[in-house]
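The sequence and the model come first, and the description follows.

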Amino acid sequence: MQLTKGISIMDLGLCIESNLILADIHLGYEESQNRKGVLIPRVFYKALTERLAKSLEGKHFTSIILNGDVKHEFGSIAPSEWRTILSFIDFLRRYTDKIVIIEGNHDPLLKHITAKRNVSLVEHVSLGNTYITHGDVIPKDKEYEAAEIIVIGHDHPAISLRKMARVETYKCFLKGKWKGKTLIVMPSCNLLTEGSNVLSRKALSPFLKDREDCELYVVGDNIYRFGKIKDIREKM
Amino acid sequence: MITYKTVPNKPEDLVGILNPTILRWFYSKFKEFSLPQLFGVFEIHCRRNILVSAPTGATKTLTGFLSILNELVDSSQKNILEDKVYCVYISPLKALSNDIEKNLLEPLKEIEKINGKPLGIRIGVRTGDTTPAQKQRMLAKPPHILITTPESLAIMLTSLRFRDALRNVDWCILDEIHALAENKRGVHLSLSLERLQRISPAICRIGLSATVAPLDDVAQFLVGTNRDCMVVDVHFVKSLDLKVLSPVKDVLEATYDELNRKTYALIDDLIHQHKTTLIFTNTRAGTERVVHNLKTLFPKKYIEATDDDPTHVSTLIGAHHGSLSKRHRLMIEEKLRRGELKACVSSTSLELGLDIGYIDLVICLGSPKSVARFLQRAGRAGHKLHETVKARMIVLDRDDLVECAVLLKSAIERKIDKLHIPKNCLDVLAQQIVAIALEDVIEVKTLYDLIRQSYCYRNLPYDQFMQIIEYLAGEFVSLEDRHVYAKIWHNEGKIGKRGKMTRVIFMTNNGTIPDETGVVVKLGTEPIGMIDEQFLEKLKKGDIFVLGGDCYEFLHAKGMVAYVHAAVGKKPTVPSWVSEMLPLSFDLGVEIQRFFGNVNDIITANTSKKETISFINNNLYVDEKAAEAIYNYVKEQYDFAALPHTKRLLVEHYFDGEKHYSIFHAAYGRRVNDVLSRAIAFSIGRSQHKDVEVGINDHGFYVAYEGSINVMRALSLLKANDLRTALEMAIDQSEVLRRRFRHCACRSLMILRNYMGYTKRVGRQQVSSMILMNAVKRISNNFCILQEAKREVLEDVMDIENANKVLQAMEDKTISLKEIETKIPSPFAHTLILQGYSDVLRIEDKHEFLKKMHALVLAKIGLKR
């Protein structure tokens, strides 16, 4: 589904021209849960690569951009993070010749892993009038000032829909305005959790202080346009 | 083999085996041996396994201990008393100290006095509260009688040093065995007992139980597979004074306010006619509500005993239930023993044999839902041998009136409802196998045989057992990650412990009682009920929900309190919260239907009103006023539609202008109705592809839907043989499965409640458990722990076994179906329709649901495509 000229949603990813963006993968999530005494079996990496392989089949991208929080643990590198992050980079190389990773707030140690594959970390990527950044801080550089469209992750937007006794949560994209620019918020690619419900949870990103006017694009077997958050809150 | 002992020993037999010192002590305290003692003491002396079932206050505990004290005193006098544990005494109650004081320490002191010098007999208590120093002392000098709980026993058996003290134990006493046998604590204990018996092969097992049925099952639970057990059923007549009371003349016509006012006036009256009254409600919140209302309605008469002001001299009423602080509960118990309270209100916490002094009246507010529970509660009155048991059931509404009346009949005629013992619980099994592996390396074959010695696992299929071994060995994940998950190694037909943390993990996460936190629901300042955190999370401002039969609108929540206001007559927007309610026993439900059948025959035979009332009066042991109220209610249903009974299930179709309801008048209790309603809804969903609402209570259930659906066809498609498969699918997305999966994941050590010094909150556990459930489903929909959660929901929370029998009877036509159409719900359907729905069967998958919601959004907010 096209969000604006040249930008469209493809499953959990965002295509800008011939570039693919994925946000908040949080590889190593299970191991971090294991360390807290929740013995989740490690099924996520396989599920993610299977899902991507399906939607990326036969495609080739100018670049694939990972928009922050590729890794889950802040303070250490878990063995499964070594393994899965390296395999993930190899996996993505089937679909592109250029991988760019934007550093997220969970990624202070990521560079040690990505160095093994000669992928370096950047703070942002500019594609024409579009500025892509993780979203935990508001940048101050000139490219940002000049950009017309901002793409962020960080917030893991999702929406809980309720009808009678049934409640289901879905990942969703948000599209709104930020200081005269168009703002696009991407959902997390982590398949173990849907994310945080925009109707009840506070936003984390400084870009989302007021998100009531944001439009919802809900990810299911297709992408569904759901209108503004405030309308859903008031009328549903 | 289970054998019943029907003839007691003669007093001479007991005199013959008892040591002179013990005898002198006994006769200094008691005039003669009690019946349980005449039945039990000799057998225990001969180390024969025995189950003693007798009402509360029948000197059961001393029956258990007399032979053991005798042996210890005798050995001490002969100087052959060894430094070992002779007897392990296990009770479900943690607050043991008072009772032990009374039952053991005092007698021992008195015996020593008679003996003239100390006997050196040690009694030790080991619970979760025992300090490390006390444990050390016990290790150095093991107590001859060890008092403990099921959880602490499992830990002691796993502790390398304490295990040695548990070698060659002679006796093991299971007190209040009925309260353990019916849940996973008992299943857990049954395996601990096998572990104990492995190192104490000659152990004699003694079970002490309240009135319970079937005794055969409880006896087998006590001793395990293929061992002998003697059963003693002492139901000597404690004279019973049991009555059903209606607070108003006509419970059918009374308004809610009138009923409420008169109920409390009646309670107040009864309290003041007696010295000390014990009031039972069916929920914890109900307990709070009664205390609150008595205080507000009679401000000068009742001052509540609270923690803050323990010195208050004129406190007259107190609450006692599991959510209150231990300090508060102990204070209330102490005040009861000292006779300082006029009344105490409790839910289930005072049902068990805690010593609470003299009670002369027991009130059950609302039906106690099972005969065994009623007798247990009533038995708290006149807690002494040969004293009259005086108990009153106060009815809350018309269904309650019928239920209480039939319950009274069953109680007087001693038709005790059957208890359900959980079987093949895989989560408990996983936990205990870890414990066994911590002891030593063991052959898988030997382990399997050991497990099947427990009655709860006697039919455990080998493949299920192996699934648990594989699960514990981490074989569900790849080799390189296995070390994270594995708690045992499994190699060449043997297993052993794996991982240096495993012992600590077991010790800190042992047990089966799930953590629960309740959110108190308040109407102004009045507590009206409790819901759990997950339910609260789903509530939005303005939501209408049903709690304890009434509608409330959710306003806001503050911490662990949710504020509501009354929403009489409004339709619920979310399912009612029912989890805390006690279910009506299946057997009692059948008795209610049988009664309807009898009345049906009588009315159909053109019997006069007077004669019919007189029949009800005689048949049910209720007074004429109550008999007339029952008659009016039943006659109203008879005239309006028809009476349901054991041979005829009434299906009432009713359209409220929006939805079609098919109401099944089936008084099988909510555990069975939960199964039947979901099965029918699932069958509709599968054949006609629609979401279906279900509503259940103890007396029936309904399915409701939009548009036209052929319910009877859906019912006919449902076969008893496929019931389990259908239900497993039907509960796949349900809240109850999600909650139970958390419990099972914690018990099977997949979610560690206590880990690395941190304790996980319930809310956090639930979030983790949702992620975990999604992940294991990716491995297999039959993953062993998920399978166990489904088993628990279907067999323990619900009652698929009896539901299956009902369905089978419909197929065989021993139960016929009678369909009727009504313009307004029939009298019997009222309560059911009012309480609203309890769940919606989710037939659509997640994608379809989203599509539907999208269409709804488009329509509602007028979004352009």
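Strand E14 (residues 389-394) of chain B is largely enclosed by the rest of the structure, because six of its six residues are buried, where buried means that 20 or more other C-beta atoms, placed from the backbone, lie within 10 Å of the residue's own. Strands here are DSSP runs of at least two residues and helices are runs (H or I) of at least four, numbered from the N terminus. This is a predicted model, in which local features need pLDDT of at least 70 and side-chain atom pairs count only at pLDDT 80 or more, while totals for chains, interfaces and linings use all residues. Residues are numbered from 1 along each chain as its sequence is written, and chains are lettered from A and ligands numbered from 1 in the order in which they are written.

In a regular strand the side chains alternate between the two faces of the sheet. Both faces of E14(B) are covered, with Val389(B), Ala391(B) and Met393(B) buried on one side and Lys390(B), Arg392(B) and Ile394(B) buried on the other.

| Pair | Bridges |
|---|---|
| E9 (residues 240-245) and E14, chain B | six bridges |
| E13 (residues 361-365) and E14, chain B | four bridges |
| E18 (residues 518-523) and E22 (residues 561-566), chain B | four bridges |

Within E14(B), Lys390(B) stands opposite Asp241(B), and Arg392(B) stands opposite Ile363(B).

Five strands of chain B form an open sheet of mixed pairing, in the order E19-E18-E22-E21-E20. Strand E19 (526-532) and strand E20 (544-547) of chain B stand at the edges with a single partner strand each, so one side of each is left without a neighbour in the sheet.

Terms used. Buried ≥ 20, exposed ≤ 12 C-beta atoms within 10 Å, placed from the backbone. Pairing = 2+ DSSP bridges.
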